[in-house]
Structures are given as structure tokens and as C-alpha cells.
Amino acid sequence: MNALSIRNLRKTYSNGFEALKGIDLDVQQGDFFALLGANGAGKSTAIGIISSLVTASSGSVNIFGHNIKSETNLAKSCLGLVPQEINFNQFDTAKRIVLNQAGYYGMPRKIAMERMETCLKQVDLWDKRDVISRRLSGGMKRRVMIARAMVHAPKLLILDEPTAGVDIEIRRSMWQMMKELNAQGTTIILTTHYLEEAESLCRHIAIIDQGRIVENSDMATFLKRLHIDHFILDLAHPIETLPIIHGYSLKRISSTVIEVGVPKDNNLNELFAQLSAASIQVISMKNKSNRLEQLFVDLIENKTQKEIA
Ligand code: ADP
């Protein structure tokens, strides 16, 4: 079953800006899914629509089979959202914050108390339950947000950049907690800027760029594409056509500059031997930009080429 199913979702803001240009996305039950994208790509808009905070211009969103428009309450009951900013009353205790949230879902007091205890224990805050949250550390405040989002036992939890701007230690402890929640059966969607974060936690990944999904695959396939180093070679003499060299991807930048993609397990000697055999002399070589940057460039170039075609 799909925890989330999005079809042809579009959003045009009132100023005419098209933030989502028709996205399709499926997230399977039990998955740990990364939604990656640069600032302004459309991640928050998509999450806003999924959590019924933003109205879509067109398209459909189903959460565990419940349409967010026609079955809003059922859909909402399956979803927990951890927003980017700390947005609880910092003069309340963690216990009150979680209990209040249970109240919004109309939970009877006894069940609310039980759920509050379970959730605060899950995020390792039970012993801090009566501390005014203003006095908690940054990492603890974020964990209060997670406990609050989990109080109604949602089957799908969306975390919007949960580790943005936090130090390494907090980030690692957040990772551990998210892994545990996922292992206990909660489907997790994480938005992040950090490839490293997605890489170490997630099984599937989608990349959104300027309101479109430009990549959607399992993490292993995605990472294979990253295991290619790109080099820029300056040639001694101009070339008209590129030779075909098995195992390497070649691109002509100009008559005397080529770019080569070298998979990590191929060696450079073989490349140079084949270039020499094709009478191509290389006078200098440099490594191209970092891998995530490279991947974004590749995806966007491919997309542009497809659009032109
Ligand atoms: P992300 O979360 O990936 O950073 P957003 O979904 O916040 O991206 O924004 C996508 C684009 O939509 C951005 O260019 C942003 O400026 C624009 N945008 C967001 N909210 C509004 C709004 N209320 N009105 C007009 N444009 C908006």
C-alpha cells in the first residue's frame, strides 16, 4: 500500500508564481523517503498541500488511500508533521505541549496520558516532561516537536528539514531517533538539503527542482550515479568527433576540451591508453565540481535537453 500518492499536483500562488508544475510521487508504506531540493524548489509547498495547510491548484493527494479533499479528517489522522521552525509555546512543559495536541485530536484524557507517556519516552524526554520547554536544549526542543507530531500515532511522519542548522551531535541523535521510529513501522518522509543525511537514512529519494520532480529512485541506484568522477581534459590538438571508449562517458565541451565520466572502479590508465590509441593527447586534467552539485547539473541539463526535444 502507498503511504502517500500524489498525482499531477500543481500550485500557482496568487501572484501567478507556479511553485509546483505537476508532480507525481508514490511513497510506499514503511519507507524512509528523502525529498531533496535546493531552496525555493517547492518542497515546503508540497508538504503544505499534503498537510492541508496550503490549497493545491489542481491534482490529487492520497494518504494511506484517503483523499485529502474528500476524506480530510481520515487523511489527517494518518499524518504527523514536524515543521521546520519550533512553533510551540515555550512557556509550556513538554507534557502539556503533547497533551494539548492530543486534545486537538479529541483523544479521551486517559488515552491522551498514555500516548503522551509513550511518545515522550520514545524521544527520550520522559524525565524532562515537567521542565518549562524554554529551558530545554535545541535538540530537546526538536524532540518535543517529534513527540507532539506522534501523539495520535500517525502512520506517516513528515519531517521538514529536521536537522537544519543543528550541530553534529544533535543531528546524529535525531538520525538515531528517526531510524528507530521507522523500524517501529512509521513511514517517514524527510526533506533535507544534506545529501549525507539522505544517504545514511533513506531507502528512496526524489529530487525536486523548480517545481518538478527530476529524480525518483531507490537510494542504491541513485548513489551508483554518484560513484562517477567527472574530469575536464585539455587536449593538445583540436578534435572533430569523440572516440567511443567503453566504460567511460565522454562529452565534447569545445574542440580542445572534453569532459569524461569515470566510474570509481575503472582506472585512469585504461582511459589514457585508449585516448592515446585514438591519437588524442591530453595536456592537463582537472576534477570537476563536487558530486551533489554535479548531479544537480546533470539532472537539470538532462531535463532541459528533454524539454528542447
Ligand atoms: P522550498 O521549500 O523547496 O525552499 P518553497 O515551496 O518554499 O520551496 O517555495 C517554492 C517557490 O514558491 C519559491 O520560489 C518561493 O519563493 C515561492 N513561494 C512560496 N510561497 C509563496 C507564496 N505564498 N506566494 C508566492 N510565492 C511563493
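The paragraphs below walk through a predicted model, beginning with a ligand and its surroundings and going on to several helices. Because this is a prediction, local features are described only where pLDDT is at least 70 and side-chain atom pairs only at pLDDT 80 or more, while totals for chains, interfaces and linings use all residues. Residues are numbered from 1 along each chain as its sequence is written, and side-chain values use heavy atoms, with hydrogens and water left out.

The ligand is surrounded by a set of residues that includes Tyr13, Asn15 and Phe17, and also Gly40, Ala41, Gly42, Lys43, Ser44 and Thr45, where a residue is counted if one of its heavy atoms lies within 4 Å of the ligand. Some of these residues also make polar contacts, a term for a pair of N or O atoms within 3.5 Å. An oxygen atom of the ligand lies 2.7 Å from an N or O atom in the side chain of serine 44, and an oxygen atom of the ligand is 3.1 Å from a polar backbone atom of alanine 41. On the side chain of tyrosine 13, an N or O atom is 3.5 Å from a nitrogen atom of the ligand.

We turn now to the helices, which are DSSP runs of H or I with at least four residues, numbered from the N terminus. Two packed helices are described by the angle between their axes and the distance between the axes; the axes are lines fitted to C-alpha atoms over the stretch in contact, and the angles run from 0 to 180 degrees between N-to-C directions. Helix H3 (residues 94-104) packs against H5 at an angle of about 30 degrees, with the axes 8 Å apart. H3 is therefore roughly parallel to H5, a label given to angles under 35 degrees. Ala94, Ile97, Val98 and Gln101 of H3 meet Val144, Ala147 and Arg148 of H5, contact meaning heavy atoms within 4.5 Å.

Helix H5 (residues 138-150) also meets helix H6 (residues 168-183), and their axes come within 10 Å and cross at roughly 20 degrees. These two helices, H5 and H6, are therefore roughly parallel to each other as well. Among the residues making this contact are Arg142, Arg143 and Ile146 of H5 and Met174, Met177 and Leu181 of H6.

Finally, at the start of helix H9 (residues 268-277), a side-chain oxygen of asparagine 267 reaches to within 3.1 Å of the backbone nitrogen of asparagine 269. Just after H9, serine 279 takes a positive phi of about 60 degrees.

Methods: Angles under 35 degrees count as roughly parallel, over 145 as roughly antiparallel, 65 to 115 as roughly perpendicular and the rest as oblique. A polar contact is a pair of N or O atoms within 3.5 Å; within protein, one must be able to donate a hydrogen and the other to accept it, and residues adjacent in sequence count only if both atoms are side-chain atoms.
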